[in-house]
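Me: Before I look at anything in detail, could you take me through how to read a model of this kind, feature by feature? I would like the general idea and then the case at hand.

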Amino acid sequence: MTVAGTPPARTGKPVVLLSVLLTALLCALCMVGYTRLFLSSTDGRCSCTATDVSTSLAGQATRNESLTLALASITSAKQVEERFPVKDAEPSGARPASSPTFDGPAMSKEEIAAKEKADAHTLDLQLLSEQVDPIWASKVERATAEAMVRVGSSVRLDEVSCRETLCRAKVTHLDPKTHEADLDGLLSMPVIAGQAIAFAPSNDDRSTVLFFARKGMSLSVLQPSMQPPPPELISGADLIVR
Amino acid sequence: MKQKSTGRRAMFVAIAVVVLGAATTGTASAKSVLAILTDQNPATPNGTTYSTGSGLAVFAQTNGFDSSGVLNCVTRSFNNHTTTSSPCGSSAVTYQSFVRTVSTNFCTTGQNAWGGLIVACHTGPLPFCSSVAGCNFFGPGIDLGVWGRGQYP
């Protein structure tokens with residue numbers, strides 16, 4: 001039997017091509033089925049939006065690039081999540097046309113600043129009044145320092161202090177341009193397992209004081225007022241019974 | 001006979017490579033995170049947006065983390081069909097969800113492994129303002145929540 005006399009089909013090339021095509025078709029069908037099966041059980045519109053964006057750049061990011069992309073996206077998202085109209089708000093802080101509107105009793109800048117200052121003071125006092133849980137506190141302080149490194153080189157942890165139910169981290173922002181992204185990175189640290197709140201003590205973008213509660217605990221300043229709401233403000237449309 | 005055997009072997013290798021490659025790309029390169037803010041209708045955004053008393057928008061967020069705990073991707077949703085996302089790439093392996101503003105986390109879920117499991121948390125009784133019904137002191141059992149997951153779209 002001579003090799004020269006062997007027809008091309010014997011080499012298997014057409015069969016391989018056919019196999020590749022059939023396998024690719026099968027895989028595509030499987031993926032479509034998977035997508036429909038799992039995504040249709042949730043909200044289609046939101047998942048599709050997320051899916052479209054994620055698949056468009058999927059596979060491009062290296063580890064460092066991924067972080068940059070995520071933080072850049074968060075920063076760009078600022079346009080959508082800008083403060084809703086606030087009394088005395090500057091034009092630059094106005095929401096874009098596509099963002100939701102809200103006409104609630106928003107606070108003035110001065111009122112917001114005063115409340116934040118009071119809340120930070122309250123949490124400072126609470127932290128100082130707590131006993132130290134040496135095991136938990138040291139573990140979370142260490143984890144916070146490690147997580148802060150992962151947030152990026154544009155933030156510097158100046159101090160972290162945990163007691164029994166509460167931690168406080170003082171952070172300096174080395175690059176004001178990345179303040180928004182850095183703040184998101186801080187609030188997204190895996191060490192934060194419950195409520196957390198960030199204050200800007202100097203009313204600029206250079207520093208942040210971050211308080212966060214132990215898992216299962218609440219921040220006192222995020223508890224509701226004990227005053228009952230005015231009856232006219234209660235609407236059945238806002239009620240959720242779980 | 002040897003030629004025939006070689007052809008079959010080539011076909012088998014080609015199929016194996018294609019199947020393996022498709023499976024790898026199908027599961028590793030197409031990841032995303034999903035976040036839904038829940039209120040009256042926990043399954044579908046109904047257009048009602050929420051804010052704090054100081055005017056900050058409240059949103060649901062789901063983060064994807066890589067194996068080193070580095071934030072890899074984010075999705076936010078505002079309950080009015082407005083969603084902002086960054087791509088997960090292929091390395092996100094865990095995810096976590098929040099109800100938050102730009103400066104506050106009202107609740108945080110635990111971290112879950114990728115693969116369709118849903119995580120959820122709710123804020124507990126807190127004062128929020130609604131785009132349709134003004135500001136309420138949300139009482140016990142009346143709150144905002146998030147559910148999210150990491151998924152292979």
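Me: How many bridges join strand 9 of chain B to strand 12 of chain B?

Reply: In general, strands of a sheet pair through backbone hydrogen bonds, in either a parallel or an antiparallel sense. Here strand 9 (residues 119-122) and strand 12 of chain B run antiparallel and are joined by four bridges, with C121(B) having V146(B) as its bridge partner in strand 12. Strands are DSSP runs of E with at least two residues and helices are runs of H or I with at least four, both numbered from the N terminus, while two strands count as paired if DSSP finds at least two bridges between them. This is a predicted model, in which local features need a pLDDT of at least 70 and side-chain atom pairs count only at pLDDT 80 or more, whereas totals for chains, interfaces and linings use all residues. Residues are numbered from 1 along each chain as its sequence is written, and chains are lettered from A and ligands numbered from 1 in the order in which they are written.

Me: Is strand 12 of chain B mostly covered or uncovered?

Reply: A residue is called buried if 20 or more other C-beta atoms, placed from the backbone, lie within 10 Å of its own, exposed if 12 or fewer do, and partly exposed in between. By that count, seven of the seven residues of strand 12 (residues 145-151) of chain B are buried, and both faces are covered, with G145(B), W147(B), R149(B) and Q151(B) on one side and V146(B), G148(B) and G150(B) on the other.

Me: Which residues of helix 6 of chain A are buried?

Reply: The general idea is that an α-helix has 3.6 residues a turn, so residues three or four places apart point the same way. In helix 6 of chain A the buried residues are A137(A), V140(A), T144(A), A147(A), M148(A) and V151(A). Seen down the helix axis, these buried residues fall within an arc of 105 degrees (taken from the directions from the axis to the C-beta atoms), so they line one face of helix 6. The face turned away from the buried side carries the exposed residues P134(A), I135(A), S138(A) and V149(A). Counting a contact when two C-beta atoms, placed from the backbone, lie within 7 Å, the buried residues of helix 6 pack against strand 1 (155-162), strand 2 (166-173) and helix 7 (179-187) of chain A. Just after helix 6 of chain A, G152(A) takes a positive phi of about 140 degrees.

Me: How many residues of helix 7 of chain A are buried?

Reply: Eight of its nine residues are buried, so helix 7 of chain A is largely enclosed by the rest of the structure; among them are H179(A), D182(A) and L187(A). L187(A) is also one of the residues touched by A196(A), which touches T104(B) and N105(B) as well. A196(A) lies in strand 3 (residues 196-199) of chain A and counts as buried because it has 27 C-beta neighbours inside 10 Å.

Me: Where do N79(B) and H81(B) lie?

Reply: N79(B) is in the loop between strand 4 (71-77) and strand 5 (83-85) of chain B, and H81(B) lies in the loop between these strands too. Neither is a glycine, yet phi is positive, at about 70 degrees for N79(B) and near 70 degrees for H81(B). N79(B) counts as buried, with 27 C-beta neighbours inside 10 Å, whereas H81(B) is partly exposed, with 14 other C-beta atoms within 10 Å.
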